[in-house]
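Visitor: Hi, I've got a structure to look at and I'm new to this. Can you walk me through it?
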Amino acid sequence: MQTKLELEEAVSLLTRDLSPTQEQTVPLDEAAGRVLAADVAAPRDQPPFNRSPLDGYALRAADLAGADDLRPAVLRVVDSLCAGQASAVPVGPGQAVRIMTGAMLPQGCDAVVRQEDTDCGTETVAVRRALRPFDNFVPRGDDYRAGDVLLPAGLRLNAAAVGLLASLGMARVSVRRRPRVAVFATGDELAEPGAPLLPGQIYDANRYLLRARLLELGAEPVAAGACCDEPEALARALAAAAAHCDLLITTGGVSVGTKDILHEALPLLGAEQVFYQVRVKPGGHLFYSRCRGTPILSLSGNPYAAAATFEVLAGPALAVLSGCPDLLPRLTRGRLATPFPKASPARRFLRGVFSGGEVTLPDSQASGSLASLALCNCLVDIPAGTGALAVGDAVAVRPFRA
Ligand SMILES: Nc1nc2c(c(=O)[nH]1)N[C@H]1C(S)=C(S)[C@@H](COP(=O)(O)OP(=O)(O)OC[C@H]3O[C@@H](n4cnc5c(N)ncnc54)[C@H](O)[C@@H]3O)O[C@H]1N2
Ligand code: MOO
């Protein structure tokens with residue numbers, strides 16, 4: 001087992017074991033937030049026919065030469081078309097077709113005049129302005145052409161992408177199965193929210209925090225309970241979950257105390273232990289192991305430590321499992337709006353609020369404190385060997401992906 005790795009080495013050991021989940025097709029109404037398994041190309045031109053963008057008259061621009069308020073061009077109206085109707089009558093010289101927005105343009109026309117520039121006639125129409133060819137003329141394929149790749153594999157589908165798929169006529173779409181992830185919170189002190197709190201107990205926050213975060217990232221948290229500090233029971237629960245999950249996460253019990261049971265549970269499980277300890281604060285005491293191919297991340301119990309290491313390790317793992325590069329951290333820079341007086345001999349992740357290029361730090365960065373995290377939207381990545389930081393200092397920022 002390797003120990004005391006740099007974060008990047010840890011991420012690469014973790015992600016090299018993983019591959020994207022299988023494809024499945026889902027109805028469009030269930031596609032939002034899912035990750036495309038394959039490129040989507042247009043099956044046909046859009047619009048599929050030359051289309052009017054206005055309510056007006058389809059005509060030949062040449063027939064309007066010199067037309068204005070004083071000398072309108074008068075054309076014979078030979079047909080009338082609404083959206084949804086197929087045009088049958090072509091437009092010849094001196095002719096016009098009454099047309100509504102979205103209707104198919106008839107053969108022979110090369111422009112549309114808006115009805116506000118006409119007398120709205122039915123037998124004949126007087127047009128009070130000149131047009132150039134292809135004015136107000138939306139050609140077939142103007143939006144996209146048959147064969148154009150419109151959405152790339154790996155895209156997380158937003159509302160506009162779902163609308164686009166519908167416009168292609170697709171009823172179902174091929175996406176990646178959501179990664180199934182079980183989260184186990186270990187600790188005899190943990191009580192279930194809703195239950196009474198006995199002396200010495202605290203409520204289990206980690207399991208709920210991480211399961212909610214998994215949902216935000218498009219994964220499927222599968223049922224897994226809180227576990228007492230009993231290595232055999234934890235090993236049994238992990239083995240059962242490993243059979244049907246893509247990733248297992250535990251929190252707590254990874255440090256050096258007498259109840260830090262992951263040290264016992266992982267060998268009992270027969271897990272291959274890949275690494276222990278990553279050079280980051282908080283939460284650097286963590287294990288990565290594998291149980292018959294299923295990755296297990298064993299994070300610290302301190303809630304902020306668990307949340308921060310989830311972001312930097314489980315985040316990239318989920319990006320691979322979901323086939324969604326967009327879930328990888330997007331790094332940017334900001335300036336501190338709050339000083340951070342502590343030195344950072346080891347690489348440190350602070351929580352912060354990133355807005356307008358500035359990072360404001362909450363009062364507490366304690367790894368056991370959860371109160372301030374709820375209002376934060378980023379991690380601040382402080383390199384090892386950094387001294388105290390002052391207002392205005394430039395820092396690396398990792399906004400939370402969602
Ligand atoms: N002698 C040493 N003691 C500690 C060290 C050390 O190096 N030497 N490291 C400290 C650091 S840093 C951390 S972080 C913690 C890591 O502890 P564990 O990951 O083993 O976690 P636990 O001891 O189980 O819990 C730590 C803390 O978090 C609370 N907790 C645990 N689970 C939950 C949960 N699901 N929801 C909310 N809160 C939870 C737990 O009650 C503890 O207070 O070790 C230090 N000690
Ligand atoms: O690893 Mo601990 O979370 O630094 O406090």
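This is a predicted model: local features need pLDDT of at least 70, side-chain atom pairs count only at pLDDT 80 or more; totals for chains, interfaces and linings use all residues.

Visitor: OK, is Glu 220 buried, exposed or partly exposed?
Guide: Glu 220 is partly exposed, because 16 other C-beta atoms lie within 10 Å.

Visitor: And which strand is Glu 220 in?
Guide: Strand β14, residues 220–222. Strands (E, at least two residues) and helices (H or I, at least four) are DSSP runs, numbered from the N terminus.

Visitor: What does Glu 220 touch, leaving out residues up to four places away in sequence?
Guide: Arg 178, Pro 179 and Arg 180. Touching, or contact, is when the C-beta atoms of two residues, placed from the backbone, lie within 7 Å.

Visitor: Switching topic, how many helices and strands does the chain have?
Guide: There are six helices and 25 strands. The radius of gyration is 31 Å, well over the 21 Å that the globule rule gives for 402 residues, so the chain is more spread out than a compact globule. That radius is taken over C-alpha atoms, and the rule is 2.2 Å times the number of residues to the power 0.38.

Visitor: How much of the chain is buried?
Guide: Buried residues make up 41% of the 402.

Visitor: Which residues touch the most other members in the largest nonpolar core?
Guide: Of its 84 residues, those are Phe 184, Leu 238, Leu 248, Ile 249, Leu 313 and Val 380. The largest share of this core, 14 residues, comes from α6. Such a core is a set of buried Ala, Val, Leu, Ile, Met, Phe, Trp, Tyr and Cys residues joined through C-beta atoms within 7 Å.

Visitor: Last one: which residues come nearest to ligand 1?
Guide: Asn 206, Gly 252, Ser 255, Ser 300 and Gly 301, out of 27 around ligand 1. Being around a ligand means having the C-beta atom, placed from the backbone, within 6 Å of it. Helices α3 (206–216) and α6 (303–322) are the elements that give two or more residues to that shell.

Conventions
Residues are numbered from 1 along each chain as its sequence is written. Chains are lettered from A and ligands numbered from 1 in the order in which they are written. A residue is buried if 20 or more other C-beta atoms lie within 10 Å of its own, exposed if 12 or fewer, and partly exposed in between; C-beta atoms are placed from the backbone.
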